[in-house]
Amino acid sequence: MSFFTSADVTTGQKLLEIIYIVIGLITLYTGIKNATDKENPYRVGTAVFWCTLGVVLAFGRWIPPMVDGALIIIMTIPAILHKVGVGKTANPTEEYSKSVFDKIGMKIFLPALSIGICAVGFAIFLPQLGAMVGIGAGIIISIILLIVFNPDNKPAVFLTDSERLLSQVGPLSMLPMLLASLGAIFTAAGVGDVIAGLVGKVIPQGNVNVGIIVFAIAMALFTVIMGNGFAAITVITVGIGAPFVLAYGADPVIIGMVALTCGYCGTLSTPMAANFNIVPVAMLEMKDKFGVIKNQLVPAALLLAFQIAYMIIAK
Amino acid sequence: MALIKLLGVLIVIVGFALKLDSILIVISAAIVTALVGGLGVTGLLETLGTTFVANRSMAIFILIMLVTGTLERNGLRNAAAALIGKVKNASPGKIIGAYGIMRAVFAAFNASFGGVAGFVRPVIMPMMEGSIESRGLKINEDYMDNLKGMASGMENIAWFFCQVLFVGGAGGLLVQSTLEPLGYHVELIDLAKAEIPVAIFAVIVGIVYYYIRDKKLAKKYYGEDIAKIAVEEEK
């Protein structure tokens, strides 16, 4: 409690911590709901996964780092054993959505857009609170609008709907967070220095433009191999981006961010990114297994070239 | 012997390439790297705990889910279908382009309409088929196959390159938390701004490329007929 009454902590930080507590509680609810859900084939595993995650998200700040780390490891065990499942879900029926749409109409876009608008608005006009708190405010507005538009939207509806979505995306939704932690472990263990030493034998150190080209192409290439731009960015930024580009004073905002979208050019070109390139083939009943990728190769190449030029110019 | 530190990187690359369980890959790579890199078990747990807690902002998507599902329940997808349905008498290439713009704008607000399964198949495909048939032409399977590929491509391109404009999206958050331990502090709003030119270029490339490709393919599969019909319509 001292955290929230302390004068040393900014209002933005306090609000952010409240947001994390709410996120943690939604996650905890997901765990508890599934623990008691007879339709879930893996009640224990599902509950362990979401409840440990919920505890770390809500209260991680007050838990010793070592315990947090141990909880994360515990959390991943049921996920790795594929013992995290989906229970009873109440998907909205097509008829219901249609009937509500007939009542609300195009106004439904307002609550959909309010989150993004608040995120940008807060980041620009209330930087001391920040974009994350803006998202929180946007969600409150969105919820109020939805309740006003349709009295059926009781608080329980929002909670069950979020549980439904969270259960459906499952443990894989934690991948970006785990990858970010892996990136930090790579950095702490000195992996970046080793890669930099190796790459330094091949490409000249000190030439930022060459560094940018290698960074961008490596991002695309490694994403093609791994099928996941998020996995690539953690490895390649530490190994190539930082020592060969950022170390020479290039703008970390432009370079760090655009490198990720260079990786996305790889995503467009690889069957490894099955969700985006192979699953649609099946869903649309296409004859050519690579029908999606073939239609993406030219834009991917153009986009990679554009981004390399952009990084060199704007660095 | 420093090379042994790369074992974790190798695990990530090979693991993803072999399509092993993603979380298993990341955790094994973390444990192996911590052990060969001299962090030990304590260092592993401490670094993992500290960074995971520091990166909790990436869990903001859970908060957003508080409304995503309910928006869908209240007809967001129906509204999107009604919006794109206003594009009348258009060629498949133009339908794909219009969808690209709509998806791009909403991607910047982190709003999706169900992807290929939820939107392209039930809404965009019938629109394209209707467009071909309204010209008095039979559906050519190879042509349709390409149109499906292009619609999926537009869907992916618009989403990938415009979702990064959403301040608080997973991409920007990951970049922010990757740069932080390297000693570079960046703001989310600046990361989003950096992507504006890329996003605009991506949408334009997608629209123009698929428009030209559709014209070419239509000519290939329907000969000069379709060109004539198009000219008559414009009169």
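Of the 315 residues of chain A, 51% count as buried, where buried means 20 or more other C-beta atoms within 10 Å of a residue's own, exposed means 12 or fewer, and partly exposed lies in between, with C-beta atoms placed from the backbone. The model is predicted: local features need pLDDT of at least 70, side-chain atom pairs count only at pLDDT 80 or more, and totals for chains, interfaces and linings use all residues. Residues are numbered from 1 along each chain as its sequence is written, while chains are lettered from A and ligands numbered from 1 in the order in which they are written.

Chain A has 17 helices and 0 strands. Helices (H or I, at least four residues) and strands (E, at least two) are DSSP runs, numbered from the N terminus. Along the principal axes, the C-alpha atoms of chain A fill a box of roughly 65 × 60 × 45 Å. Two residues are in contact if their C-beta atoms, placed from the backbone, lie within 7 Å. Among contacts in chain A between residues at least 6 apart in sequence, 68% join residues at least 24 apart.

Domain bounds come from an automatic or database domain assignment. For chain A, the assignment gives domain 1 (94-153) and domain 2 (190-314). Their centres, taken over C-alpha atoms, are separated by 34 Å. For chain B, the assignment gives domain 1 (2-54) and domain 2 (59-234). The C-alpha centres of these two domains of chain B lie 36 Å apart.

The contact between the chains takes 121 residues from chain A and 106 residues from chain B. Helix H4 (residues 60-73) of chain B gives the largest share of the chain B side, 14 residues. By class, that side has 65 nonpolar, 29 polar and 12 charged residues. Here Ala, Val, Leu, Ile, Met, Phe, Trp, Tyr, Cys and Pro count as nonpolar, Asp, Glu, Lys and Arg as charged, and the others, Gly among them, as polar.

A nonpolar core is a set of buried Ala, Val, Leu, Ile, Met, Phe, Trp, Tyr and Cys residues joined through C-beta atoms within 7 Å. The largest one has 184 residues. Those with the most contacts inside it are Ile135(A), Phe215(A), Met219(A), Val258(A), Ile64(B), Ile124(B) and Phe161(B). Not counting residues up to four places away in sequence, Phe161(B) touches Thr261(A) and Tyr264(A), along with Val198(B), Ala199(B) and Ala202(B).

The expected span of a helix is 1.5 Å times one less than its number of residues. Helix H6 (residues 109-125) of chain A has 17 residues and should span 24 Å; its end C-alpha atoms are 23 Å apart, which agrees. H6(A) bends by about 30 degrees at Ile115(A), the bend being the angle between axes fitted to the seven residues ending there and the seven starting there. Its buried residues include Ile115(A), Gly116(A), Cys118(A) and Phe122(A). The buried residues of H6(A) pack against H7 of chain A, and against H4, helix H5 (76-84) and helix H10 (188-194) of chain B.

Helix H8 (residues 155-169) of chain A has 15 residues and reaches 22 Å from its first C-alpha to its last, close to the 21 Å expected. Among its buried residues are Phe158(A), Asp161(A), Glu163(A) and Arg164(A). Their cover includes helix H2 (11-35) and helix H7 (130-149) of chain A, together with H4 of chain B. Just after H8(A), Gly170(A) takes a positive phi of about 65 degrees.

Most residues other than glycine have a negative phi. Glu285(A) is not a glycine, yet has a positive phi of about 55 degrees. Glu285(A) is found in the loop between helix H15 (279-283) and helix H16 (291-294) of chain A. It is exposed, with 11 other C-beta atoms within 10 Å. Asn110(B), also not a glycine, has a positive phi of about 65 degrees. Asn110(B) lies in the loop between helix H6 (92-107) and helix H7 (115-133) of chain B. Asn110(B) counts as buried because it has 25 C-beta neighbours inside 10 Å.

Ile207(B) is placed in helix H11 (residues 196-222) of chain B. With 23 C-beta neighbours inside 10 Å, Ile207(B) counts as buried. Leaving aside neighbours within four places in sequence, Ile207(B) is in contact with Gly97(B) and Gly100(B).
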